[in-house]
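Please look over the sequence and the model first.

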Amino acid sequence: MLIDLSDIGTKQGKEADVKCELGFDSFSYGGGEFLIAQKQPVSLKISNAGNKKVLIEGKMKIKINIPCDRCLQEVVTVFDLDFSRKIDMKDTDEDRIENLDEMNYMTGSELDVEQLIRNEIMVNWPMKVLCSEDCKGICRNCGTNLNQKACNCNKAELDPRMAVIWDVFNDNKEV
Ligand SMILES: [Zn+2]
Ligand SMILES: [Zn+2]
């Protein structure tokens with residue numbers, strides 16, 4: 001959805017409340033494609049901030065399915081977005097590039113709401129997603145999900161020289 005901000009930008013004291021639905025059902029991040037489990041409409045409050053500046057305040061709750069880092073089972077991850085952006089309407093697209101402002105959601109005086117939300121989701125993307133703190137992960141030998149059942153693999157089956165390396169590897173493993 002595109003919103004033209006020029007009217008609000010030029011009129012002192014002017015403000016508007018905007019609600020809009022997001023048009024995308026999945027989200028691309030880091031080479032993966034993640035399904036959106038649930039989304040609420042975006043609520044934006046757009047107001048004139050004086051001197052041809054526009055303040056955008058937004059709130060949105062969105063749930064995205066992200067696989068657990070250890071066992072790959074999908075985890076419904078909640079993004080509680082709450083953001084504000086100030087846009088100087090005096091800036092042209094060229095100015096924005098020159099100032100190195102990452103305003104890929106602005107073209108001229110038009111605000112691209114979906115692009116703005118995409119940015120916010122990216123900024124809030126969790127470093128690590130776990131289905132539970134004590135997720136046992138999957139066996140790297142047979143691929144069994146160790147949360148569901150134990151497998152029969154054990155270190156004894158491996159070459160003893162490898163087992164030493166394996167131990168070192170396990171000790172250094174990020175938990
Ligand atoms: Zn897990
Ligand atoms: Zn196994």
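What follows covers the metal sites, the cysteines and the aromatic side chains.

The model is predicted. One zinc ion (ligand 1) is held by Cys68, Cys71, Cys131 and Cys135, and another zinc ion (ligand 2) by Cys139, Cys142, Cys151 and Cys153. Aromatic pairs number 5 in the structure, and a search of the whole structure for disulfides finds 0.

**Zinc ion (ligand 1)**

- The SG atoms of Cys68, Cys71, Cys131 and Cys135 coordinate the zinc ion (ligand 1) at 2.3 Å.
- The arrangement around this ion is tetrahedral, because its 4 donor atoms subtend angles of 103 to 116°.
- Ideal angles for four tetrahedral donors at a metal are 109.5 degrees.
- Along the chain, the donors of the zinc ion (ligand 1) follow the spacing C-x2-C-x59-C-x3-C.
- Cys71 and Cys131 link distant parts of the chain, 60 residues apart. Cys71 belongs to the loop between β6 (53-67) and β7 (74-88), and Cys131 to the loop between α3 and α4.
- Cys71 has a relative accessible area of 7%, so this residue is buried.
- Cys131 has a relative accessibility of 34%, and therefore counts as partly exposed.

**Zinc ion (ligand 2)**

- Cys139, Cys142, Cys151 and Cys153 coordinate the zinc ion (ligand 2) through their SG atoms, at 2.3 to 2.4 Å.
- The angles subtended by the 4 donor atoms run from 106 to 113°, so the arrangement around the zinc ion (ligand 2) is tetrahedral.
- The spacing of the donor residues of the zinc ion (ligand 2) in sequence is C-x2-C-x8-C-x1-C.
- Cys142 and Cys153 both lie in the loop between α3 (113-123) and α4 (160-172), so the pair ties together parts that are 11 residues apart in sequence.
- Cys142 is partly exposed, because its relative accessible area is 40%.
- Cys153 has a relative accessibility of 25%, so this residue also counts as partly exposed.

**Cysteines and disulfides**

- A disulfide is a covalent bond between the sulfur atoms of two cysteines.
- The number of disulfides found in a search of the whole structure is 0.
- Cys20 counts as buried, because its relative accessibility is 6%.

**Aromatic side chains**

- The 5 aromatic pairs of the structure include Phe24 with Phe27, whose ring centres are 6.2 Å apart and whose planes meet at 45°, so the pair is tilted.
- Both Phe24 and Phe27 are buried.
- Phe34 and Trp125 also make a tilted aromatic pair, with 5.0 Å from centre to centre and 55° between the planes.
- The pair of Phe34 and Trp125 links distant parts of the chain, 91 residues apart. Phe34 is in strand β4 (residues 32-39), and Trp125 is in the loop between α3 and α4.
- Phe34 is buried, because its relative accessible area is 13%.
- Trp125 has a relative accessibility of 12%, so this residue counts as buried.
- One aromatic cluster is formed by Phe24, Phe27, Tyr29, Phe34, Phe79 and Trp125.
- Phe24 also has a charged neighbour: the charged end of Arg118 sits over the ring of Phe24, 4.0 Å from the ring centre.

Notes:
Residues are numbered from 1 along each chain as its sequence is written. Chains are lettered from A and ligands numbered from 1 in the order in which they are written. This is a predicted model: local features need pLDDT of at least 70, side-chain atom pairs count only at pLDDT 80 or more; totals for chains, interfaces and linings use all residues. Side-chain values use heavy atoms; hydrogens and water are left out. Donors are N, O and S atoms within 2.8 Å of the metal (3.2 Å for Na, K and Ca); water is not among the atoms, so sites may look incomplete. Four donors count as tetrahedral if all angles lie between 85 and 135 degrees; four count as square planar and six as octahedral if opposite donors are over 155 degrees apart and all others between 65 and 115; anything else is irregular. Helices (H or I, at least four residues) and strands (E, at least two) are DSSP runs, numbered from the N terminus. Buried means under 20% relative accessible area, exposed over 50%, partly exposed in between (1.4 Å probe, protein chains only). Rings of Phe, Tyr and Trp (its six-membered ring) pair if their centres lie within 6.5 Å; planes under 30 degrees apart count as stacked, over 60 as edge-to-face and the rest as tilted. A charge sits over a ring if NZ of Lys or CZ of Arg is within 6 Å of the ring centre and within 35 degrees of the ring normal. A disulfide is a pair of cysteine sulfur atoms within 2.5 Å.
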